[in-house]
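Notebook open, new structure on the screen. I'll jot down what I look up as I go.

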Amino acid sequence: MAETAADSVISKEKDYAPASTSSTSEEKVVSEIDIQNLTIDDSNKFLDEDSNIKIITSGDTPYRSAFTFEELNLSPPLLKGLYVEMKYQKPSKIQAISLPLILDPPYLDLIAQAHNGSGKTACFTLGMLSRVDPKLKAPQALCCCPTRELAIQNSEVLRKMGKYTGITFECAIGGDFTTETHIKKRSPITAQVVIGTPGTIKRRMTEKTLGLSYLMMLVFDEADHMLAKEGFKDDSLNMMKHIGRVTSHCQVLLFSATFNESVKKFAAKIVKGNHNELFVKKEELSLESVIQYKVDCPDELAKVMVIKDQILEFGERAVFNLLCGDMDEMIMSKIETHFEMKIAKVPDWRNEEDFKAAMRSAGLL
Ligand SMILES: Nc1ncnc2c1ncn2[C@@H]1O[C@H](COP(=O)(O)OP(=O)(O)OP(=O)(O)O)[C@@H](O)[C@H]1O
């Protein structure tokens, strides 16, 4: 989420309410979109005037929305994971639109943009869990994330959602700072879903310890970072090249909250010609289960206080990486003393050595 030092947006989960219920928060602006009435025009491109959801389907994609998870033909163990572990009742709007595009043959590539908190993670996690064959003990789905934190977070969602499916996963993030995410560097990955960061995934591909023969789905989360020149464009292309050499049947899913024009053009180039696209205007498709508040914070200290008092107050287990490259040392130490918390200062948080050193110095590693 793009944030300035002065703004902080807090998302807080509440019990999921069906999409048709009205907003419970004054701050929340949810415009109701009647997906059922969306129609497809001759050119397979349509934009609902009110909703600003733009869906471009390829010629052979019949457009449909799923209003229940049952309509998606998910396996009973997967449905159990959704209802019992995730406590979801029905697909969010982005899920209702994108899941049929992902799960229906001929499994076309998809570029999907929807804002943070709209339920994108569940879209591709469900996609991976649904398409993987639990009997085939080999990597079948790969999810690339720009940061370790995101890879760990996505693995946790997959673990919970897939709890009853028996589908195995591995978090390939390099390093070994937690036992859960430890990678056996030399032994081939046998997990059916692999979620990781570009450096490690690329290394595993080059080492040939990540088999690609059965790969049927490649997901780029935060695809804008994954494809940006100043992000992981080269790594992403390299990974796609590796995969392209082994299989031509790998469905590519690009999910992001933002796509700037050049990344969007590049994304359209790297997916196969016949693909689907889904773009949602920023304010649309809010999940009813997430309330967003915007809090004006005059300075860094105020921001931390908001996090401490407003978020930790809810008693949720949360890990904060304060990416405070510019934060004044004195303010940092004041915050540490005042709140009895450890802050890791990471000069370049994508750099493994910097990250480890900062974690070590904060006593977190
Ligand atoms: N169908 C659903 N019913 C209820 N809650 C849901 C549903 N789908 C997702 N959620 C919950 O809503 C929250 C936001 O979902 P998710 O993380 O998938 O959104 P996102 O678009 O990936 O956000 P971000 O871009 O910030 O990662 C999560 O707590 C998730 O568990």
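First, my terms. I call a residue buried if 20 or more other C-beta atoms lie within 10 Å of its own, exposed if 12 or fewer, and partly exposed in between, with C-beta atoms placed from the backbone. Helices (H or I, at least four residues) and strands (E, at least two) are DSSP runs, numbered from the N terminus.

This is a predicted model, where local features need pLDDT of at least 70 and side-chain atom pairs count only at pLDDT 80 or more, while totals for chains, interfaces and linings use all residues. Residues are numbered from 1 along each chain as its sequence is written.

Of the 365 residues, 36% are buried. I count a contact when two C-beta atoms, placed from the backbone, lie within 7 Å. Among contacts with a separation of 6 or more, 73% join residues 24 or more positions apart.

Strand β6 (residues 169–172): Phe169 and Cys171 point one way, Glu170 and Ala172 the other, and all are buried. I take strands as paired if DSSP finds at least two bridges between them. β6 runs parallel to β7 (residues 193–196) over four bridges, and Cys171 sits opposite Ile195.

Helix α2 (residues 93–103): ten of its eleven residues are buried, so the rest of the structure largely encloses it. Lys93 and Gln95 are among the buried ones.

UniProt's unreviewed entry lists a Q motif at residues 67–96; its annotations may be inferred rather than shown by experiment, feature names are shortened, and positions are in the numbering used here. I find that stretch 47% helix and 0% strand, with its end C-alpha atoms 6 Å apart.
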